[in-house]
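Please find below my notes on the model you asked me to look over. They are set out as numbered points, and each can be checked against the coordinates.

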Amino acid sequence: MKASNVRELNNEELQVKLADLKKELFNLRLSHATGQLTNPLALNNVKKDIARIKTVLREREQASKA
């Protein structure tokens with residue numbers, strides 16, 4: 001997911017997407033711990049997507065205060 005795609009979503013959609021990614025991260029960590037994870041790069045990709053969404057939400061929060 002690119003940052004430009006994240007910026008196109010509204011805040012409610014971002015919150016839903018963030019919750020989905022957190023669940024996915026939990027499942028990936030669980031499968032990694034049990035040795036069933038086939039693509040270890042998926043962990044990093046999900047973490048980066050979460051960070052992108054949190055960054056956009058924080059930028060919007062700061063913009064609304066200013």
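**Notes on the predicted model**

1. Asp49 is buried, at a relative accessible area of 12%, where buried stands for under 20% relative accessible area, exposed for over 50%, and partly exposed for the range in between (1.4 Å probe, protein chains only). The residue has its place in helix α3, and, once neighbours within four places in sequence are left aside, Asp49 is in contact with Met1 and Leu21, contact being defined as heavy atoms within 4.5 Å.

2. On the basis of these values, this is a predicted model in which local features need pLDDT of at least 70 and side-chain atom pairs count only at pLDDT 80 or more, whereas totals for chains, interfaces and linings use all residues. Residues are numbered from 1 along each chain as its sequence is written, and side-chain values use heavy atoms, with hydrogens and water left out.

3. The protein chain contains 3 helices and 0 strands, and its elements follow the order α-α-α from the N terminus on. Helices (H or I, at least four residues) and strands (E, at least two) are taken as DSSP runs and numbered from the N terminus.

4. As to overall dimensions, the C-alpha atoms of the protein chain fill a box of roughly 45 × 15 × 15 Å along the principal axes. The radius of gyration of the protein chain is 14 Å, while a compact globule of 66 residues would have a value near 11 Å; the radius is taken over C-alpha atoms, and the globule rule is 2.2 Å times the number of residues to the power 0.38.

5. Which elements give two or more residues to the largest nonpolar core? The core itself has 14 residues, and those with the most contacts inside it are Leu14, Leu28, Val46, Ile50 and Ile53. The contributing elements are α2 (11-33) and α3 (41-65), with the largest share, 7 residues, coming from α3. A nonpolar core here is a set of buried Ala, Val, Leu, Ile, Met, Phe, Trp, Tyr and Cys residues joined through side-chain atoms within 4.5 Å.

6. The buried residues of α2 are Leu14, Leu18, Leu21, Leu25, Leu28 and Ser31, and they pack against α1 and α3. For Leu14, with neighbours within four places in sequence left aside, the contacts are Val6, Leu9, Ile53, Val56, Leu57 and Arg60.

7. The structure holds 4 salt bridges, a salt bridge being a side-chain nitrogen of Lys or Arg within 4 Å of a carboxyl oxygen of Asp or Glu. One of them joins Arg7 and Glu59, whose closest N and O atoms are 2.6 Å apart. Arg7 lies in helix α1 (residues 3-8) and Glu59 in helix α3, so this pair ties together parts that are 52 residues apart in sequence. Arg7 is partly exposed at 46% relative accessible area, and Glu59 also counts as partly exposed, at 37%.

8. Arg58, Glu61 and Lys65 are linked in a network of salt bridges. Glu61 meets Arg58 at 2.9 Å, N to O, the two residues lying in helix α3 and 3 residues apart, about one turn of the helix. Glu61 also meets Lys65, at 3.6 Å, N to O, and these two lie 4 residues apart in helix α3, again about one turn. Glu61 is partly exposed at 35% relative accessibility, as is Arg58 with a relative accessible area of 44%, whereas Lys65 is exposed at 60%.

9. Turning to totals, buried residues make up 24% of the 66 residues in the protein chain. The protein chain exposes about 4,900 Å², of which carbon and sulfur atoms supply 52%, with areas computed by the Shrake-Rupley method with a 1.4 Å probe and, for residues, only the protein chains shown counting as cover. Among contacts between residues at least 6 apart in sequence, 68% join residues at least 24 apart.
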